[in-house]
Each structure stands twice: as C-alpha cells, then as structure tokens.
Amino acid sequence: MARTHHRRTVLTALSATALLALAACASGSSGNPGGSGSSGGGGDGVITLGFAQVGAESGWRTANTQSIKDTITKENGFDLKFSDAQQKQENQIQAIRSYIAQGVDVIAFSPVVESGWDAVLQEAKQAHIPVILTDRAVDVTDDSLYASFIGSDFVEEGKRVGEWVSENLGTKPINVVQLEGTTGSAPAIDRKKGFEEAIAGNSNIKVIDSQTGNFTRAEGKTVMEGFLQAHDNIDVVFAHNDDMGLGAIEAIEAAGLTPGKDIKIVSIDGVKDGMQALADGKISYIVECNPLLGPDLADMAKKVVAGEAVDKRIVTHDDAFDQEAAKAALPDRKY
Ligand code: GYE
C-alpha cells in the first residue's frame, strides 16, 4: 500500500516535470540521463531502459528475455532498448557504451562473465546513469558501480543438487561427471562451488571429469560424447543447466544407453523441456532457477530513476522438483 501511494507521488512529479519540459523546450525528448532530483526520466515521464542481454543460449534465457519484454513496456512507462551479446563480453560492453552515449535513464544487464566490468561501469557512473544487474553477478572492487543485483543464489542451487545426489544416489560409490556453464560466469562458478561443498563429506561420490558446455544443448551434447568415450563408468551427470542436460540425454541415447537408468542426470533451471524430461524419467532431479525477473526489474528501475534508496541484493525464490513433482507442475508451467 505504501509503495502504491509512493509510486503515485512519483508519477505526479513526473507529469509536472513533463509539462515544464514541454513548455521550456520545443525540441522533444532531451535524452538526458536521469538522476537529478526525484523526477528521473528524460523529461517526458517515460523511463528509457537499455538492457544488455547475454544471448539466446538456453530455454532459461528465452524465458528471461520474454519476461523483460513483457514488463518493460510502454504501458508500464518504459522505452526498452534491447541488445543480444551472443554470449560475448565485448559485445555486451559495446552495447552498454552505446546506451551511455544515447543517454538512457537506466542500464540493466546480465553479465556474461563476472570479471572485467570496472571500466565500463565507471563510465556509466560518470554519466550519472544507474546500473541494475539482473540474473548474474559482477566481480568489482567498488560496489557503488551498480545500484542493485536481482537474481537467484547460485551457490545455494548447486548445494541443493549436491545434497539430493548425496542423499539419494550417494548411498553407494558413484562416479559423477559435470557439465559446467560458461567459464567465468557467476552461475558456473557458484553452482560448482555449492555442489562440491554439499558432496564433500560423502566419500562415495567421486567427480571424475568436469568441462564447460557453455550452457547450450549442442555443446552439452558434444562434451558428453567426449565423456562417454573417455569413461565407461559414469553413473551421474550434473549439468549446470537443463539445456546441457538435454544435450547429454541425446549423447547417452546415441551411445545406446538409457538416461535415468544407466546414467542419471541432475540439473538446474526447470524450463519446460527439462521438466518434461524429468516427468519422463530421463532426468532425476531439477533445482529451479526462476527466469521471470522482469517485474522485479521494472520496480527496481522506477525506484532507482526516482532516486529512492533500494536493496543492494534481491534474491529470487527457487523451487526444486523430483519426477513426481514435475508431473504435477508441468500443466501450469509458464516457461
Ligand atoms: O541457468 C542458464 C542460462 O544465468 C541463471 O544462464 C542463468 C543461466 C541459466 O544460460 O540456462
């Protein structure tokens, strides 16, 4: 209630500013970055938000992009500028620089990797353009380089997978192979860490190989083919996301083995195809990672542009599913 009231106040302030801006200059939208006083925006009441997306590497990413496009809308007071970095950090940096040059009101992005952001974030700060991180974290020395980080706790996700494996499969000796996400990305680093922490105390579990499959189905399949050639004793695959797990299923089946029986698969995300494979018995357990970050981002962007104090970290809630839970959840699954 308090929040609704406050938002109305902000909108009133924006309309007043818009009228003044119209009266003062006939040249239309100024394109000036927000951040002065509580008005924000480019003077027309609309918040221009530049979003630099990672790419389109997975079902998770597709759902995440859809959520952003569904909520950062004209009707909701935004002008969205969207770019796809095709999983390359240099593309993402270029997109952010172009948003700075255009004088957007706020920049949001999901960093491909954790490191190497200081310079471009410094440039945004100098231009007084606030930055919101969604989904993935950055590793920067100065926390004031971003306003807030909205996303899941990836260490916790890895831990939950590890605990399930330890309790349900690690009751006898098992060999595990790991399909890691994009090298240097927050989810790959953190999920590996959480998983290893959770299995550390169980001497039955041995991780015999671990390689990146870059979060894609195609690379997950290729890496799994290599694992199958190198080892004839794989019991479990831990895939950092569903798509790589689905690629692994293809490789396992092509090798004449049965996923879910000969080799068990556990993964993270909970996208439709992953949940279907879980319900079909090909995957054994999935810890969810919620991709629907659009609404939280919209809220946060409005607050940040209005100069309000915000939480530095918003942790999204994630569920977990075994095969029975997946069957029950599938009919209502939105992504
Ligand atoms: O798990 C994976 C995607 O950053 C949480 O990126 C995200 C991960 C997600 O490619 O499917």
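H240 has a relative accessibility of 0% and therefore counts as buried; buried means under 20% relative accessible area, exposed over 50%, and partly exposed in between, with a 1.4 Å probe and protein chains only. The structure is a predicted model, in which local features need pLDDT of at least 70, side-chain atom pairs count only at pLDDT 80 or more, and totals for chains, interfaces and linings use all residues. Residues are numbered from 1 along each chain as its sequence is written, and side-chain values use heavy atoms, with hydrogens and water left out.

The loop that holds H240 runs between β8 (236-239) and α8 (242-254). Helices (H or I, at least four residues) and strands (E, at least two) are DSSP runs, numbered from the N terminus. The side chain of H240 makes a polar contact of 3.1 Å with that of Q178. A polar contact is a pair of N or O atoms within 3.5 Å; within protein, one must be able to donate a hydrogen and the other to accept it, and residues adjacent in sequence count only if both atoms are side-chain atoms. Leaving aside neighbours within four places in sequence, the residues in contact with H240 include Q178, E180, R191, F215 and I268; contact means heavy atoms within 4.5 Å.

Aromatic rings form a second topic. Across the whole structure, a search finds four aromatic pairs. Rings of Phe, Tyr and Trp (its six-membered ring) pair if their centres lie within 6.5 Å; planes under 30 degrees apart count as stacked, over 60 as edge-to-face and the rest as tilted. Two of the pairs are set out below.

| Pair | Centre to centre | Angle between planes | Class |
|---|---|---|---|
| F51 and F82 | 5.9 Å | 5° | stacked |
| W164 and Y285 | 4.6 Å | 5° | stacked |

Because F51 lies in strand β1 (residues 47-53) and F82 in strand β2 (residues 78-84), their pair ties together parts that are 31 residues apart in sequence. F51 is buried at 0% relative accessibility, whereas F82, at 29%, is partly exposed. W164 belongs to helix α5 (residues 154-168) and Y285 to strand β10 (residues 285-288), 121 residues apart. Both W164 and Y285 are buried.

The ring of F82 also has the charged end of K69 over it, 4.4 Å from the ring centre. A charge sits over a ring if NZ of Lys or CZ of Arg is within 6 Å of the ring centre and within 35 degrees of the ring normal. K312 likewise places its charged end over the ring of Y146, 4.7 Å from the centre.

The protein chain as a whole has 11 helices and 12 strands. Of its 335 residues, 52% count as buried.
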